[in-house]
Amino acid sequence: MPFQQGSARSRQRTVLLLGMVVLLVALVVAVVLASLLTHRKQGDGPQMLKWKDRGTTKNLQEVILGRCYNYVLARHPELGDKDCLKIWETLKHAFMYKNPCNITTEDYQPLMELGSHPIPCNKSLFWSKTNDLVHRYTKSNQNFLTLEDTLLGYMADRVSWCGDPSDPGINYESCPKRSECESNPSSVFWKMASKMFAEAACGVVQVMLNGSIEAGAFRNSSIFGSIEIFNLNPDKVSAVHIWVMHDIGGPQSESCSGHSIKRLKSILEERNFKITCEDNYR
């Protein structure tokens, strides 16, 4: 009888040990499977979309805030009541975690309202294909302002940004070109800012065009030709002065008597603007 009891207790201990071993093995297997599943989920997660243009400017927040504070505190202290931090937050919310091909005017409307400010009459200078020349001119001549000399234009000039639905919500590797999708963050921003700049113009306005371009100085597809010209207000703008500039040593493909300039004059005349044109102004 005592032998049978000892044998039974031994079998119970063996069964208990086996059960513990099986439980430990099951736990190890569960941990390994969980780890594999986690890695698989991470590997199968949404990838950043790849585009053909440069990605978001590095340290974008610092760049935008630095330019904003410089503009409202040093360059134009009369705009010192602008809230640069709020402007940055509004810009960020316009594109972060969004598909960069689905940006709308509604996304940027709050930013446009925060960044807008009056433009003095007779100072608006529009341009097309004369980027370098026009900004060297306004830098040395404070009598004129381009879009890039306004707060919004100054902050965004030569800066790029776009979002992505996946983390971290900003794509620093690539952003879409206009040819890839029309409603990208850059195109929508500049179209809205250009429209607002044109609407604010008053008095005599100037436009600097490139007469060395073979396709013509005025293009209907340009920002000026498709947006700004149609948002000038004839009740506020008294005249439009056209400057056709030629590259030094470059071809003189078109002058004030050229075909595309005649087309531009026709559009302006239909909208009841007075027009003058000058080749190689100053």
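**Close-up 1. Strands S4 and S5 pair in the parallel sense in this predicted model.** Strand S4 (203–210) and strand S5 (237–245) run parallel and are joined by eight bridges, with Asn210 standing opposite Met245 in S5. Together with helix H8, these two strands make a β-α-β unit that is right-handed. Seven of the eight residues of S4 are buried, so this strand is largely enclosed by the rest of the structure.

**Close-up 2. Strand S2 is also paired with S4.** The pairing between S2 (125–128) and S4 is parallel and extends over four bridges. Within it, Phe126 has Val207 of S4 as its bridge partner.

**Close-up 3. Strand S5 is joined to strand S6, and a helix lies on the path between them.** Six bridges link S5 to S6 (residues 274–279), and the two strands run parallel; in this pairing His241 stands opposite Thr276 in S6. The chain leaves S5, passes through helix H9 (residues 259–270) and reaches S6, making a β-α-β crossover that is right-handed.

**Close-up 4. Helix H5 has a buried face that packs against strands.** In H5 (residues 131–140), the buried residues are Val134, His135, Tyr137 and Thr138. Viewed down the helix axis, these buried residues fall within an arc of 155 degrees, so they line one face of H5. An α-helix has 3.6 residues a turn, so residues three or four places apart point the same way. The buried residues of H5 pack against S2, S4 and S5, whereas the face turned away from the buried side carries the exposed residues Arg136, Lys139 and Ser140.

**Close-up 5. The largest pocket is lined by residues that include contributions from both helices and strands.** This pocket has a volume of about 990 Å³, and its lining comprises 36 residues, of which Trp127, Glu148, Ser186, Trp190 and Ile223 lie nearest its centre. At least two lining residues are supplied by each of strand S1 (53–54), S2, H5, helix H7 (185–200) and helix H8 (223–231). The largest share of the lining, seven residues, comes from H7.

Notes. Residues are numbered from 1 along each chain as its sequence is written. This is a predicted model: local features need pLDDT of at least 70, side-chain atom pairs count only at pLDDT 80 or more; totals for chains, interfaces and linings use all residues. Side-chain values use heavy atoms; hydrogens and water are left out. Buried means under 20% relative accessible area, exposed over 50%, partly exposed in between (1.4 Å probe, protein chains only). The arc is that of the directions from the helix axis to the C-beta atoms. Contact means heavy atoms within 4.5 Å. Two strands pair if DSSP finds at least two bridges between them. A crossover is right-handed if, with the strands pointing away from the viewer, the path from the first strand over the helix to the second runs clockwise. On a 1 Å grid over the protein atoms alone, a cavity is a set of points where a 1.4 Å probe fits but cannot get out, and a pocket is an open set with protein on both sides within 12 Å along at least five of seven lines; lining residues have an atom within 4 Å of a point. Grid points are joined across faces, edges and corners, and a volume is the space filled by probe spheres set on the points.
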